[in-house]
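Let's look together at how the parts of this structure meet. Keep the picture in view as you read the briefing.

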Amino acid sequence: MTRRSNRNVPFASNPLLRVKLPAWRSQVVMLMVAIAFVALAARAVWLQVFSQNFLQKQGEMRYAKTIELPASRGKIFDRNGVVLASSLPARAVWAIPEEVDATPRQVASLAKLLDIDERELRRKLSEEDRSFVYLKRQVDAAVAERVAALKITGIHQQPEYKRYYPQGETFAHVVGFTNVEDVGQEGVELARNPELAGRPGSRRVIRDRLGRVIEDVRAVREPHNGRDLALSIDSKIQFLAFDALREAVQSNKAKAGAAVVIDARSGEVLALANWPTYNPNQRGQLSGAQLRNRAITDTFEPGSTMKPFTIALALELGEVTPSTVIQTAPGRLAIGPNTIGDAHPHGPLTVEQIVQKSSNVGTAKIALGMPARKMWEMYTELGFGQAPRIGFPGAVAGRVRPYRSWRPIEQATMSYGYGLSVSLLQLARAYTVFANDGELLPLSMFKVDEPPSGQPVIAAKTARAVRQMLEMAAGPGGTAPQAQIAGYRVAGKTGTAHKRDGGRYVNKYLASFVGFAPASDPRVIVAVMVDEPAAGKYYGGLVAAPVFARIAGDSLRTLRVPPDAPIAQLAVPESTPKENM
Amino acid sequence: MTRANILLSALLVACALGLVTSQYRARKLFVDTERAQAQAARLEVGWNQLQVEQTALAKASLIDTKARRELAMQPVSAERTLHLVVDPVDRTVRLGTPLPEVAAAAVEPAARARTAGAPR
């Protein structure tokens with residue numbers, strides 16, 4: 001210590017520095033330094049107080065990022081887990097026209113990959129005033145990769161989902177479809193859109209130099225995928241129904257057709273087929289006729305398929321018994337100024353035979369003996385005039401006018417299915433009362449775990465009596481022997497309704513058949529409707545009944561229902577129902 | 001005093017290094033889980049894709065045409081069907097409905113068909 005102090009000459013007393021300087025110079029320097037410090041402090045305050053938010057945001061932008069967590073739309077299955085609709089990742093290809101810099105060859109190959117017209121593509125890319133233009137949406141992942149491989153500047157991609165319908169046209173009307181924004185437009189996709197649609201989540205993360213996510217900054221908002229749905233439809237039965245219907249519509253040169261298969265015990269819809277149809281995967285040009293789900297959204301005058309309900313009511317009220325004889329000769333009946341008639345005149349018929357032979361006169365005579373209110377109540381209880389609650393878009397109510405305004409002629413025609421309108425699904429549902437010992441079942445398009453409780457409409461005894469009449473109608477001597485299925489007893493009723501055009505009945509027909517099998521213990525109810533058959537035949541028994549036989553027979557086989565009839569008893573030649581058509 | 005200081009600073013350095021390593025390892029593991037999750041998502045997409053493809057290939061209409069046209073198969077008819085019933089108690093198998101004599105009659109053509117070679 002001492003040595004150091006010896007060497008140390010006090011700085012201020014150094015003679016070399018003893019120069020006289022004006023005092024203001026040091027003061028100026030002091031001031032300058034002070035100003036510099038003040039400036040620094042001001043800058044610090046500016047940065048840390050006034051622009052703090054901005055700077056923090058900027059900083060965060062360089063390492064933190066919010067990632068969207070996409071949620072996929074739920075799948076739709078049939079009752080056995082077969083996929084009917086599923087979402088797969090796809091890409092939207094978009095461009096910033098100003099930035100696009102592509103050689104003509106690149107544009108040509110891009111147009112080819114995206115399957116759009118080259119001129120159209122050029123036009124899109126030359127729209128200088130737009131900063132964003134979609135070139136094509138819902139591009140398959142494989143194609144999108146090849147687009148990316150072209151490495152054109154200004155062409156970008158964005159992930160999205162594309163909906164696939166592997167079952168195609170067979171299920172088009174049931175499943176429906178979504179638009180490019182993944183929102184349901186038709187069918188189940190529309191009806192259950194809120195459930196099917198997922199809720200996307202997000203997370204805030206820190207990324208490292210390589211762009212890898214290394215930390216979550218805040219709690220992750222989990223994405224919720226859409227719920228998967230299991231329909232009540234059986235894809236095998238659906239195909240069988242669809243195939244039989246298509247063949248019938250085409251061979252009869254009909255305008256359209258629809259078929260419904262219902263599980264007679266649970267009320268589940270096993271099949272719902274429509275023709276014409278469309279491919280939901282390629283919806284280029286769709287017409288309204290193709291899109292319409294006729295079984296649910298179209299109403300028609302049912303014709304004779306309504307007769308069993310009139311007879312059931314008469315039996316309920318004790319007005320007749322199955323063996324009561326009613327005179328139907330000479331095949332016409334005058335009610336006021338109007339006359340109704342039978343297609344073929346019959347003599348005296350029992351009530352059973354009236355159903356079997358489908359006599360309008362007989363049914364009308366029975367109906368005119370009943371109060372209009374009772375008939376109206378019966379129709380209403382059966383669900384006519386009210387939209388069925390099956391959770392499906394576009395289900396129509398049909399039309400049953402209030403009984404107070406019925407004139408006698410109207411009451412008479414309504415008893416055999418004219419003057420009111422129903423949808424095929426309503427009609428099929430109403431037949432559950434016969435198949436189910438008098439109880440009307442609620443329908444469901446979705447798989448139900450336990451059979452729902454029915455609503456009693458008629459007595460079990462009445463239901464069984466009508467069931468027997470329906471079995472006669474579908475047997476030899478009835479209107480629809482072609483409804484027979486080898487090995488099973490069937491019951492059902494034909495309908496051949498004149499169509500109305502401009503308020504008058506014209507020579508266009510709507511052939512229908514509603515029935516169930518096996519008659520001893522019904523398992524399936526099948527309703528078939530063929531609109532305007534134009535190949536000569538138009539009776540429900542000739543046009544719709546064979547379709548019923550084919551669908552019901554195949555369905556029972558698919559459901560492994562044991563036969564309830566000895567095969568030797570068959571009224572129809574022992575060829576398969578298909579060959580019989 | 002000095003020794004304590006040295007010891008403490010050594011400890012401090014060790015702790016700091018430990019912190020750095022553990023942070024590094026945490027991030028590494030995090031990256032691994034991220035990667036695994038991404039793979040899970042990819043596999044899920046692949047599974048969905050395969051499911052769709054399987055359904056498209058196993059479509060009833062496709063099988064129906066192939067069976068009819070290429071394999072010349074026929075739909076099952078009731079005349080050629082024997083229904084067997086498995087007894088729930090002793091697991092014996094017997095002919096079920098339709099009536100036994102009808103079933104017996106149904107066996108005959110089937111047996112004849114077998115000896116004559118499969119009908120096309």
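In this predicted model, the C-alpha centres of domain 1 of chain A and domain 2 of chain A lie 44 Å apart. Domain 1 of chain A covers 68-113 + 136-230, and domain 2 covers 235-569; such bounds come from an automatic or database domain assignment.

**How to read the model**

- Residues are numbered from 1 along each chain as its sequence is written, while chains are lettered from A and ligands numbered from 1 in the order in which they are written.
- As the model is predicted, local features need pLDDT of at least 70 and side-chain atom pairs count only at pLDDT 80 or more, but totals for chains, interfaces and linings use all residues.

**Where the two domains of chain A meet**

- Here 22 residues of domain 1 of chain A are in contact with 20 residues of domain 2 of chain A (two residues are in contact if their C-beta atoms, placed from the backbone, lie within 7 Å).
- On the domain 1 side, helix 7 (172-175), helix 8 (187-191) and strand 8 (229-230) of chain A each give two or more residues (helices, H or I of at least four residues, and strands, E of at least two, are DSSP runs numbered from the N terminus).
- Helix 7 of chain A gives the most to this side, with four residues.

**Where chain B meets chain A**

- The contact takes 27 residues from chain B and 30 residues from chain A.
- Helix 1 (2-57), helix 2 (60-70) and helix 3 (100-115) of chain B each give two or more residues to the side that touches chain A.
- The largest share of that side, eleven residues, comes from helix 1 of chain B.
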